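Colleague: I have a few questions about this model. Can we go through them one by one?

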Amino acid sequence: MADCALPPIGKMGHFMHNKLCLSGLPFSQVEVDSSRIAIVFYCLGSMDLLNILESKSTPSERDRWRKWLWEQQSRGRYGTGFKPSPYMTLEDDSEEEYSDYDTPHLIMTYTALLSLAILRDDFSQLDRPGLLSFIRACQREDGSFSALPNYGESDLRTVYCAFVISSLLDDWSGMDLDKAIQYIRRCMSYEGGYCQTPFGEALGGTTYCALAALQMAPSTPASPRECRVMPAEKARTVRWLVQNQTSSGGFRGRTGKAADACYCFWCGASLNILGAGDLVDSVALASFLAQCQFKYGGISKAPGERSDPYHTYLSLAAIALYTPPSADATWEFPALDVLWNATSDTSKWARRHVPAS
């Protein structure tokens, strides 16, 4: 796509959209209240990428957000993790153990930890041994991880979250790492991407989860890092990902589908991990994302759609990875840690404060 003038990124509108969603979900988002911590992460992550979190929020607001997140940490017989929200909790009693019907959630635990790092928490309240026990309780016999210790979806998304939590802790003793890596490799599709579960359809999001997990995990004698994605496999994955950038400039998540703003990150970040980010048409990508900006703030999945925190955050993260040349200053964003999916400053904070030592 030829170089073209890009409209500015409406940073203040995007910030206000996310801050509003932190205060209370709009009617269009209430169905995801059972995943509220994830929404909090997308909101805070967007504010972090916009680089105006501290200047446009008060210390009391940030304290309130931190307090709410810690209220979701819960302990019980499967270990310690974070619940999605208080929607199933009858009383605010952090000392009471959870039941089998109100357990922590692996994905929400990942997003809670990153949210607290964005808010620069000191993690003095984190139950690290309990967190390792929780990861261990979520691993299944085939090497995958379920979202909940006794049931729930089990696929590459939850595998990725278990890997990030272990990486944040700098402690991989909560899982059988070799078995988990074998599971990831079984999810590779003939197309080149990775499926949500073995023998499924290749998806942009789970391809990112697979590649990031394989890259961040330490080498083991049975699975050295350099042997996890072989050259022929890498070439096939790169080809599939590049083919997913459509004529609109955006990326699609599956073969034959329309472009979606979230896949600009999932596919673009996958190419970055593979060292093939130079194959992304960053100007075309930026043009597509500019059209996805909602006039009242936030970014939507496609031009003309209503915005939401999920697509706003992932769109901004994609721009942080692929800043278009010759764009104005509104297109400049902080550096991104592509494996943890957080700004580099937030990752540095987490590395200093989350591990036990």
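Colleague: How much space lies in the largest cavity?

Modeller: Bear in mind that this is a predicted model. The count comes to 1 cavity of 30 Å³ or more. The space in the largest cavity is about 30 Å³.

Colleague: Which element gives the largest share of the lining of the largest cavity?

Modeller: The lining includes Phe 41, Gly 45, Asp 48 and Leu 49, along with Tyr 313 and Asn 341 among others. Two elements give two or more residues each: H2 and strand S6 (342-343). The largest share is 4 residues, and it comes from H2.

Colleague: How many residues in the lining of the largest cavity are charged?

Modeller: By class, 5 residues of this lining are nonpolar and 4 are polar. Asp counts as charged, and Asp 48 is one of the lining residues. The charged count is 1.

Colleague: Which helices each supply at least two residues of the lining of the largest pocket?

Modeller: By class, this lining has 20 nonpolar, 9 polar and 4 charged residues. The helices that each supply at least two of the residues are helix H2 (36-49), H5, H7, helix H9 (204-216), helix H11 (261-273) and helix H13 (309-321).

Colleague: How many charged residues are in the contact of H5 with H7?

Modeller: H5 contributes residues including Leu 106, Ile 107 and Tyr 110, while those of H7 include Tyr 160, Cys 161 and Ile 165. By class, 11 residues of the contact are nonpolar and 2 are polar. The number of charged residues is none.

Colleague: Are H6 and H7 roughly parallel or roughly antiparallel?

Modeller: Helix H6 (residues 128-138) packs on H7 at an angle of about 155 degrees, with the axes 11 Å apart. The cut-off for this class is an angle over 145 degrees. H6 and H7 are therefore roughly antiparallel.

Colleague: Which residues of H6 make the contact with H7?

Modeller: H6 passes H7 in a left-handed crossing. On the H7 side, the contact uses Ala 162, Ile 165, Ser 166 and Leu 169. On the H6 side are Arg 128, Leu 131, Leu 132 and Ile 135.

How values were computed: Residues are numbered from 1 along each chain as its sequence is written. This is a predicted model: local features need pLDDT of at least 70, side-chain atom pairs count only at pLDDT 80 or more; totals for chains, interfaces and linings use all residues. Side-chain values use heavy atoms; hydrogens and water are left out. Contact means heavy atoms within 4.5 Å. On a 1 Å grid over the protein atoms alone, a cavity is a set of points where a 1.4 Å probe fits but cannot get out, and a pocket is an open set with protein on both sides within 12 Å along at least five of seven lines; lining residues have an atom within 4 Å of a point. Grid points are joined across faces, edges and corners, and a volume is the space filled by probe spheres set on the points. Axes are lines fitted to C-alpha atoms, for helices over the stretch in contact, and angles run from 0 to 180 degrees between N-to-C directions. Angles under 35 degrees count as roughly parallel, over 145 as roughly antiparallel, 65 to 115 as roughly perpendicular and the rest as oblique. A crossing is left-handed if the near helix is turned anticlockwise from the far one by less than a right angle, and right-handed if clockwise.
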